[in-house]
Amino acid sequence: MVSIAEFSKDPKYTIKVVSERSGVRTVTLRAWERRYDLLEPERLDNNYRLYSERDIEIIRWITNRLDDGLSISNAVLEYKNLRKNGLWPEALPSVLPPEPSKKPGFSTEVYAKKLFTALTTRNEAEAKQIIDSVQSMFDLKVIFFEIFSPCLYEIGEAWYRGEIRIATEHYASAYIRGILLNLLQAFPIYSAAPTLLVGCGPEEFHEIASLMLAVLLRREGYQVEFLGQDLPVDDLVFYAEDTGADMVILSVSSELSARPLYKMQAMLDNLPKKPKLGFGGRYFNANIKERDKMGGTFLGESLDDAIQNVHDILD
Ligand code: B12
């Protein structure tokens, strides 16, 4: 089991985010803070509160004790007694997708096609139903590699053939991106684990593969920050220094994005912590000779290879 102490205490989240993630209304959170002195969120200049990942876990633990029948004052007392003795409660399991338990009704190929049809006909209710049912049948890797990826591939082909509008492609990829972001945020962040920055090279807007990788690496227990599209090299190097990153992992699908990155490992080597650079993506899958120019490590042709290679590098 994981102790709440392992969660980051960096102040990051507004009260609204905390409310969404813990299921406790903002007004109740403020009342608990006033009456029971439970948390001490950092205050910004505008007096807004900022909570940490650890605060969210404490609130979830308290609400679980309320569900067990304790009064709020007794739940807080129990928490404070633990802390007085130098102990931390165990974190609750995250609001993660259920472990796959049902037998698949169809092959993954069929689900990929069903998802393609739902998204290209803008049938969001159907898409949600498909996502819910595949989550109860398959592991995340299977969902990402055998359902989401072929569905996106087909969407790209349909766009290329002029069968669907650009807007439809944007709608479908935004939907899948949303599902992935929710998953990313559902996994706990372990502040003692190595820090990985995951995102896209400069001018690179295809971020879904890097987001999938961020989810899978967070599931492995790494402290992953997902940085998204189009990262400028200089800024990213500063950010790696600020965050004390152990590794920067970038997805690249064009030469335009790859070229500015050839100097990046040397820049990272000038930082005190010398973060490693890992990379992959369509450009380096197709242009094998270009891989050596990057200085860092080509993490493999697939996201599965990347996970294994990250373990090897950071171990
Ligand atoms: C969604 C999408 C977009 C969205 C992206 C939105 C978003 N928020 O991510 C938007 C609208 C931004 C977009 C823009 C463009 N797109 Co686009 N896009 C796609 C689409 C439909 C899906 C991409 C995707 O997410 N695939 C799923 C992921 C999981 O697959 P993947 O990215 O290929 O990644 C795999 C591997 O490359 C590898 N990998 C990737 N990253 C990494 C990283 C590491 C570390 C490792 C180890 C491995 C790895 O593992 C993954 C799994 O196998 C594809 C269709 C397709 N065939 O993929 C077209 C596609 C990639 N796009 C294409 C094009 C042409 C463009 C534009 C040039 C269009 C335009 N004229 O503006 C621009 C370029 C923008 C830019 N500069 O980046 C073409 C590329 C053609 C080519 N040969 O290069 C495709 C193939 C469509 C097509 N059939 O023609 N696109």
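Helix α7 (140-160) gives the most to the lining of the largest pocket, with nine residues. A pocket, on a 1 Å grid over the protein atoms alone, is an open set of points with protein on both sides within 12 Å along at least five of seven lines, while a cavity is a set where a 1.4 Å probe fits but cannot get out; lining residues have an atom within 4 Å of a point.

Before going on, please keep in mind that this is a predicted model, where local features need pLDDT of at least 70, side-chain atom pairs count only at pLDDT 80 or more, and totals for chains, interfaces and linings use all residues. Residues are numbered from 1 along each chain as its sequence is written, and side-chain values use heavy atoms, with hydrogens and water left out.

Back to the pocket. About 1,300 Å³ of space lies in this largest pocket, a volume being the space filled by probe spheres set on the grid points, which are joined across faces, edges and corners. It has 41 lining residues, and the closest to its centre are Leu152, His206, Ile208, Ala209 and Arg282. At least two lining residues each come from α7, α8 (166-186), β3, α9, β5, β6, α13 and α14. By class, the lining splits into 20 nonpolar, 15 polar and six charged residues.

The ligand's cobalt atom has a single donor from the protein, and that is His206, through NE2 at 2.3 Å. Donors are N, O and S atoms within 2.8 Å of the metal (3.2 Å for Na, K and Ca), and water is not among the atoms, so sites may look incomplete. You will find histidine 206 in the loop between β3 (195-200) and α9.

On to the charged pairs. How many salt bridges does a search of the whole structure find? The count is 16, with a salt bridge meaning a side-chain nitrogen of Lys or Arg within 4 Å of a carboxyl oxygen of Asp or Glu. One of them joins arginine 219 and aspartate 139, whose closest N and O atoms are 2.8 Å apart. Arginine 219 sits in helix α9 (residues 208-219) and aspartate 139 in the loop between α6 (124-135) and α7, so this pair ties together parts 80 residues apart in sequence. Arginine 219 is partly exposed at 29% relative accessibility, and aspartate 139 is partly exposed at 30%. Buried means under 20% relative accessible area, exposed over 50%, and partly exposed in between, with a 1.4 Å probe and protein chains only.

Another pair is glutamate 301 with arginine 291, at 3.5 Å between the closest N and O atoms. Glutamate 301 lies in the loop between β7 (297-298) and α14 (303-314), and arginine 291 in the loop between α13 (282-286) and β7, so parts 10 residues apart in sequence are tied together.

Last, a backbone detail. Aspartate 230 has a positive phi of about 50° although it is not a glycine; this residue is in the loop between β4 (223-228) and α10. Lysine 274, also not a glycine, has a positive phi of about 45° and lies in the loop between α12 and β6.

Technical notes: Helix = DSSP H or I, 4+ residues; strand = E, 2+ residues; numbered from the N terminus. Nonpolar A, V, L, I, M, F, W, Y, C, P; charged D, E, K, R; others polar.
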